[in-house]
Amino acid sequence: MPNNSTPKILPSEITDEQDYLNRREFLRLAGVATAGALLSTACQADVSNAAATAGKPAGESNFSGGSLGKLQKSPFSTDEKPNSYEDITTYNNFYEFGTGKDDPHRNSKDFVSKPWTVTIAGECDKPGAYDFDDLMKKSTLEERIYRLRCVEAWSMIVPWVGISMATLLKRFEPNSRAKFVKFTTLHDPEQMPTQRRRILDWPYVEGLTIAEAMNPLTIMVVGVYGKVLPNQNGAPLRLMVPWKYGFKSIKSIVHIEFTEKQPLNTWQISAPQEYGFYANVNPDVDHPRWSQARERRIGTGLFGEKIPTLMFNGYGEHIAHLYSGLDLAKHF
Ligand SMILES: Nc1nc2c(c(=O)[nH]1)N[C@H]1C(S)=C(S)[C@@H](COP(=O)(O)O)O[C@H]1N2
Ligand SMILES: [Mo]
């Protein structure tokens with residue numbers, strides 16, 4: 001499949017566009033006919049009405065839309081040059097607002113993310129409905145400049161603003177049966193136009209092991225470039241696990257559930273032979289239809305050259321121990 005071996009077709013943009021069209025084409029062909037049957041129904045009732053609809057003018061987010069103030073710097077930040085705000089906010093994957101990279105920022109302008117309630121359920125002692133602003137009042141905001149590697153073989157450097165996921169989750173007092181954490185995106189077809197079409201199994205869901213969720217690298221993102229998170233990037237709160245392919249970092253979260261069993265995730269439901277639960281960035285394990293050895297850094301590589309992809313996206317020293325003894329080719 002697509003790689004750099006055809007010199008006549010110069011820009012790698014074409015290659016990437018092909019990969020991405022292939023991903024969409026796959027969805028069309030697969031028809032997600034069986035997806036509905038596999039959907040866990042555990043939290044659907046909880047999530048469907050979680051987005052409030054009243055209050056703020058269209059497009060305005062929490063923290064009244066502006067600067068997030070003073071941020072704690074982090075030793076986990078890379079010193080690579082961040083992508084521009086423009087790149088980060090106009091080249092997106094957020095299928096709820098369209099399948100094109102250019103769709104989310106255009107189609108999410110009127111998305112209402114305030115007030116916002118996150119429901120907590122499952123294996124914990126403090127389940128319930130939590131107001132997002134209340135949760136934020138008690139949180140220390142940090143800047144985390146991370147590499148973001150999409151499974152489609154492009155990447156960016158993003159200066160996220162976030163809070164420690166471990167600190168957040170511990171507030172809900174997970175019990176000893178909490179082996180996994182499941183996250184669910186808002187389901188609101190009125191606001192999210194693509195949810196009116198069954199191209200994916202809505203709402204979008206994701207999951208981590210409890211150890212992955214509690215790892216110091218894992219954050220709940222609430223901003224970018226020191227400002228409130230734009231809708232297209234997953235306002236008001238989204239996951240960021242920098243050593244995994246981008247699709248794990250689920251956006252616009254309304255429900256968090258501690259589970260004993262490994263949860264399914266949306267892309268795995270859609271194409272289990274192509275997308276697994278772990279989805280660790282791994283240059284040695286190719287996607288069935290393209291190589292994962294290299295990536296196109298958005299905003300660079302005028303002539304289409306790609307840079308090598310790093311094992312665990314370069315974060316191995318912090319998380320490789322989580323996978324010792326695991327066959328990463330099998331558990332992709
Ligand atoms: N709910 C939801 N979350 C999502 C997606 C999506 O389509 N829906 N796309 C994922 C993918 S494939 C990637 S690469 C990242 C992109 O994040 P960004 O647009 O902020 O760069 O979001 C992830 N989170
Ligand atoms: Mo992605």
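Which residue does Val181 stand opposite in S6? I looked it up: Leu208.

**Ground rules.** I am working from a predicted model, where local features need pLDDT of at least 70, side-chain atom pairs count only at pLDDT 80 or more, and totals for chains, interfaces and linings use all residues. Residues are numbered from 1 along each chain as its sequence is written, chains are lettered from A and ligands numbered from 1 in the order in which they are written, and side-chain values use heavy atoms, with hydrogens and water left out.

**Overview.** I get ten helices and twelve strands for the protein chain. Helices (H or I, at least four residues) and strands (E, at least two) are DSSP runs, numbered from the N terminus. Of the 332 residues in the chain, 58% are buried. Buried means under 20% relative accessible area, exposed over 50%, and partly exposed in between, using a 1.4 Å probe and protein chains only. I also checked contacts (heavy atoms within 4.5 Å): among those between residues at least 6 apart in sequence, 75% join residues at least 24 apart.

**The sheet.** I traced an open sheet of five strands in the order S2-S1-S10-S5-S6, with mixed pairing. Its edge strands are S2 (128-131) and S6 (205-209), each pairing on one side only. On average, neighbouring strands here are turned by 20° against each other, direction ignored. The axes behind that angle are lines fitted to C-alpha atoms, for helices over the stretch in contact, and angles run from 0 to 180 degrees between N-to-C directions. Two strands pair if DSSP finds at least two bridges between them.

I went across it pair by pair:
- S1 (residues 117-122) and S2 are antiparallel over four bridges, and Val118 has Tyr130 as its bridge partner in S2.
- S1 and S10 run parallel and are joined by four bridges; Ala121 is partnered with Glu257 in S10.
- S5 and S10 are antiparallel over six bridges, with Thr184 opposite His255.
- S5 (residues 180-185) and S6 are antiparallel over five bridges.

How many of the residues of S10 are buried? Seven of the seven in S10 (residues 253-259) are, so this strand is largely enclosed by the rest of the structure. I found the like for S6: five of its five residues are buried, so S6 is largely enclosed by the rest of the structure. In a regular strand the side chains alternate between the two faces of the sheet. For S6 I noted both faces covered, with Val205, Gly207 and Thr209 buried on one side and Glu206 and Leu208 buried on the other.

Thr117 lies in S1. At 26% relative accessibility, Thr117 counts as partly exposed. Its C-alpha is 4.7 Å from that of Asp131, 14 residues away along the chain.

**The core.** A nonpolar core is a set of buried Ala, Val, Leu, Ile, Met, Phe, Trp, Tyr and Cys residues joined through side-chain atoms within 4.5 Å. The largest one has 75 residues, and Trp160, Phe183, Met220 and Ile256 touch the most other members. Strand S4 (residues 154-164) gives the largest share, six residues. I listed the contacts of Ile256, leaving out residues up to four places away in sequence; they include Val118, Ile120, Val181, Phe183 and Met220.

**Ligand 1.** I count 18 residues around ligand 1 (a heavy atom within 4 Å), the closest being Asn92, Tyr95, Glu96, Asn233 and Lys251. A polar side-chain atom of Asn92 sits 2.8 Å from a ligand oxygen. The side chain of Thr185 has an N or O atom 2.9 Å from a ligand nitrogen, and that of Arg238 has one 3.0 Å from a ligand oxygen.

**Arg297.** Arg297 lies in strand S11 (residues 294-297). Is it buried or exposed? Arg297 counts as buried, at 12% relative accessibility. Its side chain makes polar contacts with the side chains of Glu80 at 3.3 Å and Ser155 at 2.9 Å. A polar contact is a pair of N or O atoms within 3.5 Å; within protein, one must be able to donate a hydrogen and the other to accept it, and residues adjacent in sequence count only if both atoms are side-chain atoms.
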